[in-house]
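Dear colleague,

Please find below the structure that I am handing over to you. I would be grateful if you could read it alongside the notes that come after it.

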Amino acid sequence: MYNLTPQVHVPDDMLRPLSEALGLGRFTAHVEAAELLLPRLVLHERVVDITLPANAVRVDGAAITLAVTPRRDPLLFVDVEIADDADGADAIAETLYATWQDRAATRVDGVPLTEWLDARLRAYGIPDGSAGRPPLEFGRNVHQSVFPGAALARGLLAEHVPGDAVGQDVVTIVLRGTLDSHTGATLGIRRPETLNNTGQTMVAHGRGVSVIVGYAPPVENAFGLAAAGILTAVAAVHRIRRQAFEALELDRAAAVETTDDARALVGQLSRRLNDLQLDLSFSVEAYADTILIPELLVESFHASLRDVSSLADALANTSRIVERVNAVLATRRVDLETASQQYAEDRDRVLAAVIAAGSLIALPPALLLAYFGVNSSDVDSRRSILDIQHYGVAYAIAWLPFLLLIAVGLVARRRISLRLSAPDAAAPARRTRRLRLRRSRRRGR
């Protein structure tokens with residue numbers, strides 16, 4: 001099972017339950033009930049001409065299944081069978097290592113597997129890179145499930161013993177042949193107690209490989225679906241952290257000079273935060289919960305695989321990272337609100353100043369014109385209205401009240417500014433003087 005990138009936006013009417021590709025038996029009802037939260041099927045085909053990377057065994061065909069999660073993350077299942085006469089655990093380990101490290105070398109019908117998938121998506125009417133979606137690529141996360149049969153299964157069950165020790169073949173397969181020998185310790189290999197029954201069933205797994213022996217195909221497929229959920233969650237954790245860092249970089253590099261710039265930045269950060277929170281809920285938290293397939297066997301396997309992948313810690317840390325992005329966005333919103341408020345205050349201040357200036361300019365001349373327009377003995381028609389010596393008292397009466405009003409306003413504004421800059425600075429001293437005065441009066445009495 002491989003996670004692929006980028007996201008594939010498939011219309012809902014083209015998606016089908018994954019149970020159509022995987023024989024899930026009695027688990028089908030659970031999968032179909034939770035299909036909106038689980039990966040859904042895009043295509044499922046049997047191919048004959050498939051070539052695995054170098055050092056892998058030759059296989060006669062494979063079943064290729066492509067599914068997408070609710071967040072449209074593509075998930076690829078490649079199901080191959082290895083002949084029983086192959087070189088046992090060593091051949092399986094070599095194949096696992098090759099298909100893990102050199103997965104991009106896998107070819108179908110002579111072309112790379114991802115190109116073949118893009119062609120099949122085009123055939124299904126799903127647009128590819130030419131319509132805006134980049135071509136599919138392998139992601140960094142892989143989980144490989146091995147279902148031994150025949151002689152290898154009998155040998156693994158024969159070596160199966162209670163406790164934490166595992167046999168050499170299990171170590172070879174789970175660790176993909178990276179160790180020549182072992183001392184009988186677990187070496188980080190988990191063995192869920194509920195799933196291991198001596199001589200009958202055995203489950204052992206690490207972070208990337210699971211060995212499942214003795215279970216019926218529907219149970220094996222249900223285990224594979226649980227592993228796919230953990231795989232999807234881990235891939236989503238990596239993506240969420242990368243996108244959170246990109247959001248912080250966007251905030252750091254943004255040149256915000258106007259309120260329009262601040263509003264655009266807040267909009268971008270809000271959209272990114274919404275995507276991060278949705279990814280966290282429906283790509284991580286949903287798959288970290290064992291209740292999706294409420295069966296004891298699947299829950300035990302899921303819980304063990306979740307623990308070995310440290311998904312709970314990764315989820316907690318990623319949630320804190322997303323909270324930091326939310327804090328940055330909240331700060332930007334406060335800055336925008338402050339800038340908007342400052343803008344409104346400056347606008348009101350300018351408007352008030354314009355009205356005041358207009359009133360100051362208009363009212364005194366209006367009073368003077370009214371004075372000069374009356375039919376009174378105080379107005380001499382032979383003198384110019386600009387004769388200050390003759391009409392000085394009229395000019396003084398018209399202008400002095402407004403000049404006095406301006407002076408009072410400036411003094412009041414100055415006192416308000418001083419009071420805001422040093423709020424109640426003299427209050428302790430005044431209290432102290434009052435207390436001393438009262439004490440002195442008491443002494444006098």
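Predicted model: local features only at pLDDT ≥ 70, side-chain atom pairs only at ≥ 80, totals over all residues.

Residues are numbered from 1 along each chain as its sequence is written, and side-chain values use heavy atoms, with hydrogens and water left out.

Overall composition

The chain has 11 helices and 11 strands; these are DSSP runs numbered from the N terminus, with helices being H or I of at least four residues and strands E of at least two. Of its 445 residues, 39% are buried, where buried means under 20% relative accessible area, exposed over 50% and partly exposed in between (1.4 Å probe, protein chains only). Contact here means heavy atoms within 4.5 Å. Among contacts between residues at least 6 apart in sequence, 70% join residues at least 24 apart.

Nonpolar cores

A nonpolar core is a set of buried Ala, Val, Leu, Ile, Met, Phe, Trp, Tyr and Cys residues joined through side-chain atoms within 4.5 Å. The largest one holds 56 residues, of which Phe223, Val284, Phe301 and Leu311 touch the most other members. Two or more residues each come from strand S5 (74-79) and from helices H6 (217-253), H7 (259-288), H8 (296-308) and H9 (311-373). H6 supplies the largest share, 16 residues. A second, separate core has 29 residues, among them Leu52, Val68, Leu76 and Leu136.

With residues up to four places away in sequence not counted, Val284 touches Ala233, Ala236, Val237, Ile240, Asp279, Leu311 and Leu315.

The H6 and H7 pair

H6 and H7 pack at an angle of about 165°, and their axes are 9 Å apart. Axes are lines fitted to C-alpha atoms, for helices over the stretch in contact, and angles run from 0 to 180 degrees between N-to-C directions. The two helices are therefore roughly antiparallel to each other, a term used for angles over 145 degrees.

Ser283 lies in helix H7 and, at 0% relative accessibility, counts as buried. Leaving aside neighbours within four places in sequence, Ser283 is in contact with Arg71, Asp73, Thr232, Ala233, Ala236, Arg239 and Leu278.

Arg40 is placed in strand S2 (residues 40-47) and counts as buried at 14% relative accessibility. Arg40 and Ala67 are 27 residues apart in sequence, with their C-alpha atoms 5.2 Å apart in space. Ala67 is also one of the residues that Arg40 touches, including Asp12, Glu35 and Arg72, when residues up to four places away in sequence are not counted.

Leu36, by contrast, is exposed, with a relative accessible area of 61%. Leu36 sits in the loop between helix H1 (28-33) and S2.

Helix H3 and the annotated regions

In helix H3 (residues 113-123), Leu113, Thr114, Trp116, Leu117, Asp118 and Leu121 are buried.

The UniProt annotation "transmembrane region", from an unreviewed entry, covers residues 350-372 and 392-412; UniProt positions are given in the numbering used here, feature names are shortened, and annotations may be inferred rather than shown by experiment. The span 392-412 is 100% helix and 0% strand, and its end C-alpha atoms lie 29 Å apart.

Yours sincerely

Conventions
Parallel < 35°, antiparallel > 145°, perpendicular 65-115°, else oblique.
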